[in-house]
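Dear colleague,

Please find below the structure I said I would pass on to you. My notes on it follow directly after.

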Amino acid sequence: MYPLQLPKLGFLIQSIGPSELAVNIMNRSLEIEDLSVYLFWVDLDRACLSNLNMNAHYSEAYCFDGPMIATCFDSAVKLINLPTPNPKFFFINDLEWIYQPQKQYEQLESIYRNPELKLLVRCEDHKKIVENAWNVKVHRIIHKYNFFEPDFIKELLE
């Protein structure tokens, strides 16, 4: 017997267009039966897959009441400003600060060291780099974009 409303998990992604991240989130979320997955995008693109997930512009995330995962620096900036009281995560898929020609340390620090965000990374090497560069603890490694590992989902829903 299902409850009236399934637990929710939101992703704030730059685009639902073709990318390894978007494809993995969409494909894997279809395999999860006891969780509603919501995709909030910043850039308007045609979805890389047709799926059953709810997807909407990030401005709709203001009324979202589940845990939320930002998947890039820009979406993490937006996530910080959302009024949700639920856990906020920042999945560091790429070491974006390395590629910025004009590094604004204060702006970067305000996100990477923000106490509201729990940091997630995609591999052990990224964990070491992030922890050393920003003097923070990485919350978890998400291997192969598998955000739906049972222990992580259990943690989100507690």
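**Findings in the predicted model**

Lysine 144 is exposed, with a relative accessible area of 68%. Please bear in mind throughout that this is a predicted model. Lysine 144 is located in the loop that runs between S7 and helix H5 (150–157). Its phi is near 55°, a positive value in a residue other than glycine. As background, most residues other than glycine have a negative phi.

Asparagine 135 also has a positive phi, of about 55°, although it is not a glycine. This residue is part of the loop between H4 and strand S7 (140–141). With a relative accessibility of 62%, asparagine 135 counts as exposed.

Threonine 71 is another loop residue, placed between strand S4 (68–70) and H2. Is threonine 71 buried or exposed? At 6% relative accessibility, threonine 71 counts as buried. Leaving aside residues up to four places away in sequence, threonine 71 touches Phe11, Leu12, Ile13, Gln14, Leu21, Ile25, Phe91 and Asn93.

I turn next to a helix pair. The axes of helix H2 (residues 73–80) and helix H3 (residues 105–112) come within 10 Å and cross at roughly 65°. H2 is therefore roughly perpendicular to H3. The crossing of these two helices is left-handed. On the H2 side the contact is made by Phe73, Ala76, Val77 and Ile80, and on the H3 side by Gln107, Leu108, Ile111 and Tyr112. Sorted by class, the contact of H2 with H3 comprises seven nonpolar residues, one polar residue and no charged residues.

The aromatic side chains deserve a separate paragraph. How many aromatic pairs are there? The count comes to 14 aromatic pairs. One of them joins phenylalanine 73 and tyrosine 112, which are stacked at 5.8 Å centre to centre, with 25° between the planes. Phenylalanine 73 lies in helix H2 and tyrosine 112 in helix H3, so this pair ties together parts that are 39 residues apart in sequence. Phenylalanine 73 is buried, with a relative accessible area of 4%, and tyrosine 112 is buried as well, at 1%.

A further stacked pair is formed by tyrosine 105 and tryptophan 134, at 5.6 Å centre to centre and with 20° between the planes. It links distant parts of the chain, since tyrosine 105 belongs to helix H3 and tryptophan 134 to helix H4 (residues 124–134), 29 residues apart. Tyrosine 105 is partly exposed, with a relative accessible area of 42%, whereas tryptophan 134 is buried, at 5%. The residues of both pairs come together in one aromatic cluster, formed by Phe73, Phe90, Trp97, Tyr105, Tyr112 and Trp134.

With kind regards

Methods
Residues are numbered from 1 along each chain as its sequence is written. This is a predicted model: local features need pLDDT of at least 70, side-chain atom pairs count only at pLDDT 80 or more; totals for chains, interfaces and linings use all residues. Side-chain values use heavy atoms; hydrogens and water are left out. Axes are lines fitted to C-alpha atoms, for helices over the stretch in contact, and angles run from 0 to 180 degrees between N-to-C directions. Helices (H or I, at least four residues) and strands (E, at least two) are DSSP runs, numbered from the N terminus. Angles under 35 degrees count as roughly parallel, over 145 as roughly antiparallel, 65 to 115 as roughly perpendicular and the rest as oblique. A crossing is left-handed if the near helix is turned anticlockwise from the far one by less than a right angle, and right-handed if clockwise. Contact means heavy atoms within 4.5 Å. Ala, Val, Leu, Ile, Met, Phe, Trp, Tyr, Cys and Pro count as nonpolar, Asp, Glu, Lys and Arg as charged, and the others, Gly among them, as polar. Rings of Phe, Tyr and Trp (its six-membered ring) pair if their centres lie within 6.5 Å; planes under 30 degrees apart count as stacked, over 60 as edge-to-face and the rest as tilted. Buried means under 20% relative accessible area, exposed over 50%, partly exposed in between (1.4 Å probe, protein chains only).
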